[in-house]
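Subject: Structure for you to look at

Dear colleague,

My notes on what was found in it follow below.

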Amino acid sequence: RWLPLFGTIVGAAGLTIGYGLYTIHWLNHPSPDQLPFGDPSLPTIVLLGSGWGAASFLKEIDTKNWNVVVVSPRNYFLFTPLLPSCTVGTIELRSLMLPLRYITMHKKREVKFVEADATDIDPGLRTVTFEDKSEIRGEFSRGTLKYDYLVVGVGAETTTFGTKGVTEHAIFLKEIPDAVRIRRAIMDSLETAAFPGQSPAEIDRLLHFVIVGGGPTGVEYAAELRDFFAEDIRKWFPAVAKHAKITLIDSRSHILGTFDQKLVEHAEKAFKRENIEHMANTRVKEVREKEIVIAEKHREIAREIINGVAADVEKEVVKTSTVPYGVLVWAGGNGIRPFTANLISKLDPALQREAGRGLSINDNLAVLGAECMYAIGDCTVSKLAPTAQVASQQGAYLARMFSKFSREIDSLTSAGSTLAEACTRAGDSLKKTESFTYKHLGSLAYVGDEDAIADLPLGMKLSGAATFWFWKSVYLSNMLNIRNRVLVAFDWTKAWVFGRDISRA
Ligand code: FAD
């Protein structure tokens with residue numbers, strides 16, 4: 001039991017020393033070029049978003065040859081794979097956030113960051129209109145920028161499949177404010193359940209934690225919640241903790257549909273062992289303030305008379321019922337953002353055939369039907385799963401392609417083309433260069449009680465306690481910055497030694 005603690009302390013000490021040396025190195029490094037922003041002799045790339053795709057693009061792009069402007073309502077990058085851990089306090093929120101300026105300040109030339117939502121794009125004029133929708137606004141809160149190239153990386157939003165009451169009563173798990181809401185709601189329902197005089201039925205309702213969606217996000221949140229109850233809540237709320245129940249509802253017959261079948265079985269067995277109820281083949285029809293209406297599909301044997309002969313017939317039966325809940329987390333799939341839908345409506349519908357799902361792009365990630373416009377990550381439609389791995393590989397690929405562009409633009413402008421002409425023609429020539437190819441590095445999921453599964457390339461399927469340590473080390477090494485690695489390692493150690501914090505902040 002002490003070995004992991006010792007390992008974590010040694011690891012954290014190593015990372016701290018590493019970070020110290022890195023900071024000293026950085027302080028002695030020449031500061032980024034302080035040229036006034038926007039060299040008119042260089043083309044301008046406007047990058048929308050600060051997520052996986054955009055951050056990876058920014059890290060890779062050589063700003064020596066470009067004016068780069070980032071427009072995003074979020075001034076930080078979020079390491080989403082560990083977000084479920086924040087909902088119960090295993091990891092603190094800021095440990096997963098990397099201010100975008102940490103990335104931009106290390107670039108060769110200044111990168112302009114505008115904290116705003118892009119609200120409109122004019123593909124003909126090549127302009128982006130944006131608006132500051134934050135609480136504090138200045139004299140100006142709207143603006144328009146001209147781009148030579150546009151990179152759209154605005155991600156997706158969680159879809160409700162049009163289910164009534166989801167937006168009003170459920171909590172999504174996508175962004176930092178969602179994790180804050182979930183953590184508050186969990187503690188609120190616990191304190192309310194512990195309020196004197198509550199009936200046992202009401203305590204059962206308040207402490208029924210329901211998750212809709214059996215993908216990695218829903219599964220990992222259920223696993224974190226189970227750990228929180230087993231390791232902390234039982235100690236702090238002994239009288240009511242025994243009423244707590246976790247239920248995961250999914251319309252498919254198995255959770256973690258993209259994983260290998262053996263690993264799915266392992267995860268489902270783990271959930272059974274951990275008393276997480278899995279309601280398979282169940283659709284949520286409506287969400288009310290305190291209950292959900294569900295329709296469960298069953299196969300039943302019914303006796304029927306066929307051609308005058310009695311026979312047992314297997315039939316699919318749909319049973320509708322209500323489930324009382326205290327906290328409902330909705331981890332449905334991805335839906336298109338209104339901004340993306342609006343952009344698609346301005347492009348040729350014959351080329352944008354998947355308008356309801358996202359931007360259609362070609363093999364070079366160029367948006368079909370638009371000039372000098374590229375798109376990466378969850379806002380696009382492709383055969384690839386909407387994952388951080390795909391988005392970040394697309395961002396890095398595009399940045400490398402833009403280096404090829406800049407050489408082409410140089411030679412075209414030297415031959416007499418204007419900058420605008422050169423940008424359009426360089427975009428055409430990119431189409432002939434190598435296509436984006438995705439390299440799958442594997443999928444991981446935490447299933448609770450120090451157990452994880454890993455579906456890796458070359459047919460490697462791992463599960464169990466050692467995979468849990470592998471899961472931790474992979475996520476630590478995939479973080480964009482050493483500061484975040486140190487913070488996460490510290491949070492894990494802190495939760496292990498002192499337990500998770502139960503304040504309702
Ligand atoms: P995002 O990372 O969502 O970034 C979108 C950006 O666009 C944000 O900065 C947003 O603020 C900004 N934006 C939104 N609207 C506008 C606008 N109008 N104008 C300008 N900017 C805008 N993937 C994995 O591979 N492995 C995992 O383990 C994993 N776990 C996950 C766990 C959770 C809880 C979640 C939510 C997702 C997880 N994913 C995982 C999926 C992964 O996070 C996404 O696929 C990835 O974030 C997509 O990257 P993106 O750049 O397309 O979009």
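In what follows, helices (H or I, at least four residues) and strands (E, at least two) are DSSP runs, numbered from the N terminus. Counted in this way, the secondary structure of the protein comes to 15 helices and 25 strands. The radius of gyration, which is taken over C-alpha atoms, is 25 Å, close to the 23 Å that the globule rule (2.2 Å times the number of residues to the power 0.38) gives for 505 residues, so the protein is as compact as a globular protein of that length. Taken along the principal axes, the box that the C-alpha atoms fill is roughly 85 × 70 × 55 Å.

Please keep in mind that this is a predicted model, in which local features need pLDDT of at least 70 and side-chain atom pairs count only at pLDDT 80 or more, while totals for chains, interfaces and linings use all residues. Residues are numbered from 1 along each chain as its sequence is written, and side-chain values use heavy atoms, with hydrogens and water left out.

The ligand

A backbone N or O atom of G53 lies 2.8 Å from an oxygen atom of the ligand, and a backbone N or O atom of A118 lies 2.9 Å from a nitrogen atom of the ligand. A polar backbone atom of T387 is 3.4 Å from an oxygen atom of the ligand. On its own the ligand has 990 Å² of accessible area, of which the protein covers 90%; accessible areas come from the Shrake-Rupley method with a 1.4 Å probe, and for residues only the protein chains shown count as cover.

Buried positions

Buried means under 20% relative accessible area, exposed means over 50%, and partly exposed lies in between (1.4 Å probe, protein chains only). Buried residues make up 49% of the 505 residues in the protein.

N484, in helix 15 (residues 482-498), is buried with a relative accessible area of 2%, and its side chain reaches the backbone oxygen of S95 at 2.7 Å. T63 sits in the loop between helix 2 and strand 2 and counts as buried at 0% relative accessibility; a polar atom of the T63 side chain lies 3.3 Å from the backbone nitrogen of K108.

Y374, found in strand 21 (residues 373-375), is buried at 3% relative accessible area, and although Y374 and L150 are 224 residues apart in sequence, their C-alpha atoms are 6.1 Å apart in space. S360 belongs to strand 20 (residues 359-360) and is also buried, with a relative accessible area of 9%; the C-alpha atoms of S360 and V381, 21 residues apart along the chain, are separated by 5.5 Å.

Two loop residues with positive phi

L365 lies in the loop between strand 20 and strand 21, and its phi is near 70°, a positive value in a residue other than glycine. L365 is buried, with a relative accessible area of 2%. E450, in the loop between strand 23 (443-448) and strand 24 (451-455), has a phi near 55°, likewise positive in a residue other than glycine, but E450 counts as partly exposed at 36% relative accessibility.

Notes
Polar contact = N/O pair within 3.5 Å; in protein donor to acceptor, adjacent residues only side chain to side chain.
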